[in-house]
Amino acid sequence: MTYHIITYGCQMNENDSRRIAHLLQRSGFKKASEKKCDFLIMNACSVRGRVVDRIRGKINQLSKEKTLILTGCVLEKDRNELKKSFDYILDIENLTRWHKKVAELEKITDESDYFQVKAEREKPTAYIPIMTGCDNFCSYCAVPYVRGRERSRPEKEIIEEVSGLIKRGFKEIWLLGQNVNSYNKNGKSAFPDLLESVNNIRGDFWIRFTSSHPKDFSDKLIEKMKSCEKVTNYLNLPLQSGDDEILKRMNRPYDTEKYKKTIKKIKKEIPGITLSTDIIVGFPGETKKAFLNTKKMLEEIKFDMAYIARYSPRPHTKAAQLKDSVTDKEKKKRAKELTEVLKKTALKNNRGKIGKRISFLAYKSEKGTTTGKTEGYKTIKVEGDLKEGKFYRAEVIKASSFGLKGKFIKNG
Ligand code: SAM
Ligand code: SF4
């Protein structure tokens, strides 16, 4: 029997797909192409918008003989609409219970603990979920409804898993969660302590993490990011809106002043840090003036990257009761305007790197060019077929908004 997985979602979904792949392979399934597989699993996410149309479009392209399975962060309403098109709809949080053999194969001691399922991984990058779910209930967001409340994974388990991966040669460790910096918020060892413990694992590797909530971004965390040498100088800190009134209505418990203060501290303590953010345009009631406040924030902070989403009402959420007042055309226009600002700030930041020597991790080496990521998570291209999965140093010789060109200097 063969399988194929299609993922529509974020890094958490990508990682879940790798766990599903691991389980299937342990159960004797073989990976196959979308066309040839017997079982096709769609791991989808309803968080940013409707997935229904995308999934329907895909199903129409497929042959009828396949067994179709739907899983992921799919809202009840979307599930109901898709029910007839799938043979099975399975809960991702119940991954351990998908098949009675799973617990036996994986030596699972607690069936309610989906963290116990390992993931199929490809070197040099490994994604490690450290928590799942969310308690924040931002008024637009479906995550608390599809992923449930926050649950943190025991530190010991995380350290054991990362140590094993480092021994196997992994070089880039992503600590993942909907809100990583509220990891173990009521326990003894919180996120800054976890970062330090991961940093203390022996070996030559980088640590990255996402997502962080501005309200939980403490001075202690900035301190640890600075003092832990394996923690990279990259940070995603979702702003969502640069207008205080909209932030309140989004149920984001910070204002633009607080956000700017946090960014100022981070830039001071970690000079040259790459900053990315998440923005929603067209939230209900976002006036032209409110939008311009967001635009101004982007111009001021000079992000390297921004994930700009057009607001889409999600069932069950508080904002879904509000009138979706901004037209789709206007949302597109606003998103485009912000992208233009971003392109300019990112280009300026990248040009500032010309002539500097930076470290990068080689991902792919092909036809005389090596592509990798810098410590600040920027894409870099270097001439020459360097070894994949190794650290190198390069001098930056050219820059565009979302990429760098470098000249190889020396091995890591
Ligand atoms: N936990 C993170 C935070 O606090 O910002 C973000 C996680 S959320 C799964 C990923 C992104 O999806 C959000 O940052 C937001 O920009 C976007 N998003 C969530 N709900 C949305 C909605 N209803 N419409 C448009 N974008 C949405
Ligand atoms: Fe969604 Fe993030 Fe808000 Fe949680 S903190 S509700 S995941 S946007």
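Colleague: As what does Lys302 count, given its relative accessibility?

Modeller: Buried means under 20% relative accessible area and exposed means over 50%, with partly exposed in between (1.4 Å probe, protein chains only). Because the relative accessibility of Lys302 is 37%, this residue counts as partly exposed.

Colleague: What kind of model is this?

Modeller: Residues are numbered from 1 along each chain as its sequence is written, while chains are lettered from A and ligands numbered from 1 in the order in which they are written. Side-chain values use heavy atoms, with hydrogens and water left out; local features need pLDDT of at least 70, side-chain atom pairs count only at pLDDT 80 or more, and totals for chains, interfaces and linings use all residues, this being a predicted model.

Colleague: Where is Lys302 placed, and what is its phi?

Modeller: Helices (H or I, at least four residues) and strands (E, at least two) are DSSP runs, numbered from the N terminus. Lys302 is in the loop between helix H11 (288-301) and S13. Although Lys302 is not a glycine, its phi is positive, near 60°.

Colleague: Gln240 also has a positive phi; is this residue buried or exposed?

Modeller: The phi of Gln240, a residue other than glycine, is about 75°. Its place is the loop between strand S11 (234-236) and helix H9 (244-249). Since its relative accessibility is 8%, Gln240 counts as buried.

Colleague: Which residues are closest to ligand 1?

Modeller: A residue is near a molecule if one of its heavy atoms lies within 4 Å of it. There are 17 residues around ligand 1. The closest are Gln178, Gln240, Arg252, Asp278 and Ser312.

Colleague: What share of the accessible area of ligand 1 does the protein cover?

Modeller: Accessible areas come from the Shrake-Rupley method with a 1.4 Å probe. On its own, ligand 1 has 560 Å² of accessible area.

Colleague: Which elements give two or more residues to the shell around ligand 1?

Modeller: The shell comprises seven nonpolar, five polar and five charged residues. The elements asked for are strand S12 (274-281) and strand S13 (305-310).

Colleague: Which residue in S4 stands opposite Asn43?

Modeller: Strand S3 (residues 39-45) and strand S4 (residues 67-73) run parallel and are joined by seven bridges. S4 is mostly covered, with six of its seven residues buried. Ala44 has Gly72 as its bridge partner, and opposite Asn43 stands Thr71.

Colleague: What is omega for the cis peptide bond between Lys123 and Pro124?

Modeller: Pro124 is in the loop between helix H4 (100-105) and strand S6 (125-129). For the cis bond that joins Lys123 to Pro124, omega is about 10°.

Notes:
Ala, Val, Leu, Ile, Met, Phe, Trp, Tyr, Cys and Pro count as nonpolar, Asp, Glu, Lys and Arg as charged, and the others, Gly among them, as polar. Two strands pair if DSSP finds at least two bridges between them.
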